[in-house]
Amino acid sequence: GGWWKSPLDPALAVELDPRDEDRRVQVAMGLALDRSGSMSVPAGAGTKMDLANDGVVRAIELLGPGDAVAVLAVDTS
């Protein structure tokens with residue numbers, strides 16, 4: 001209609017300015033962790049698995065309240 005930010009905008013019965021929560025894109029993130037034997041190899045102060053677990057935690061901490069996450073552990077069996 002072209003009424004957004006026009007002189008008639010404040011008088012209209014509907015809100016034409018998008019709300020901030022409508023502008024945010026929600027995220028669905030899936031993470032797969034390798035639990036094979038090679039992940040028990042030392043790396044830094046812990047193991048490769050410790051590093052992977054820490055990375056998953058840090059990634060999840062970046063998500064917002066409306067986001068979704070799935071964490072899967074995979075191995076050869």
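1. In what order do the elements of the protein run from the N terminus on? The order is α-β-β-β-α-β, made up of two helices and four strands. Helices (H or I, at least four residues) and strands (E, at least two) are DSSP runs, numbered from the N terminus.

2. A word on the source. This is a predicted model, in which local features need pLDDT of at least 70 and side-chain atom pairs count only at pLDDT 80 or more, while totals for chains, interfaces and linings use all residues. Residues are numbered from 1 along each chain as its sequence is written, and side-chain values use heavy atoms, with hydrogens and water left out.

3. The accessible surface of the protein is about 6100 Å², and 58% of that belongs to carbon and sulfur atoms. Accessible areas come from the Shrake-Rupley method with a 1.4 Å probe; for residues, only the protein chains shown count as cover. Of the 77 residues, 14% count as buried. Buried means under 20% relative accessible area, exposed over 50%, and partly exposed in between (1.4 Å probe, protein chains only).

4. Contact means heavy atoms within 4.5 Å. Among contacts with a separation of 6 or more, 55% are between residues 24 or more positions apart.

5. The largest nonpolar core consists of five residues: Leu33, Met39, Met49, Ala52 and Val56. Helix H2 (residues 48–61) gives the most to this core, with three residues. Such a core is a set of buried Ala, Val, Leu, Ile, Met, Phe, Trp, Tyr and Cys residues joined through side-chain atoms within 4.5 Å. In soluble globular proteins, nonpolar side chains tend to be buried together.

6. Leu33 is found in strand S1 (residues 28–34) and is buried, with a relative accessible area of 14%. The C-alpha atoms of Leu33 and Val56 are separated by 8.6 Å, with the two residues 23 apart along the chain.

7. How many salt bridges does a search of the whole structure find? There is one, where the term means a side-chain nitrogen of Lys or Arg within 4 Å of a carboxyl oxygen of Asp or Glu. Arg58 forms it with Asp54, the closest N and O atoms being 2.9 Å apart. Both lie in helix H2, four residues apart, about one turn of the helix. Arg58 is exposed, at 53% relative accessible area, whereas Asp54 is partly exposed, at 35%.
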